[in-house]
Amino acid sequence: MATATPTKTIIDLERLNRLKEGCAACGHKFNLGDPVVMACGAWEGGPRFIHEHEAVLDPLSGGYVEKRCYSTRRGRIG
Ligand SMILES: [Zn+2]
């Protein structure tokens, strides 16, 4: 079975320096040790690192999707 492996990582010093703009989902800065995932979302420019708890694993694509974006896609807002 060819499923994409969801990338789940922990913020280390190198990522902390690289991801200065912070989380694309909540806008907060990352902290050392934060669990993050590469996720697709409503932002422009492809997958970005966001906090793990702000993403859901999409069984269709096998990758992470930002929660708000995911519920929008499923057409279940509110
Ligand atoms: Zn976040």
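Reader: What sort of model is it, and how's the numbering done?

Author: It's predicted: local features need pLDDT of at least 70, side-chain atom pairs count only at pLDDT 80 or more, and totals for chains, interfaces and linings use all residues. Residues are numbered from 1 along each chain as its sequence is written.

Reader: Why does V36 count as buried?

Author: Because V36 has 23 C-beta neighbours inside 10 Å, and the cut-off for buried is 20 or more other C-beta atoms within 10 Å, placed from the backbone.

Reader: Where does V36 sit, and how far is H51 in space?

Author: V36 is in strand β2, residues 35-40; strands are DSSP E runs of at least two residues, helices H or I runs of at least four, numbered from the N terminus. H51 is 15 residues away in sequence and 4.4 Å from V36, C-alpha to C-alpha.

Reader: Which residues form the largest nonpolar core?

Author: Ten residues: A24, A25, V36, V37, A39, F49, I50, A55, Y64 and V65. Such a core is a set of buried Ala, Val, Leu, Ile, Met, Phe, Trp, Tyr and Cys residues joined through C-beta atoms within 7 Å. The largest share, three residues, comes from β2.

Reader: Switching topic, what's the element order?

Author: From the N terminus, β-α-β-β-β-β-α.

How values were computed
A residue is buried if 20 or more other C-beta atoms lie within 10 Å of its own, exposed if 12 or fewer, and partly exposed in between; C-beta atoms are placed from the backbone.
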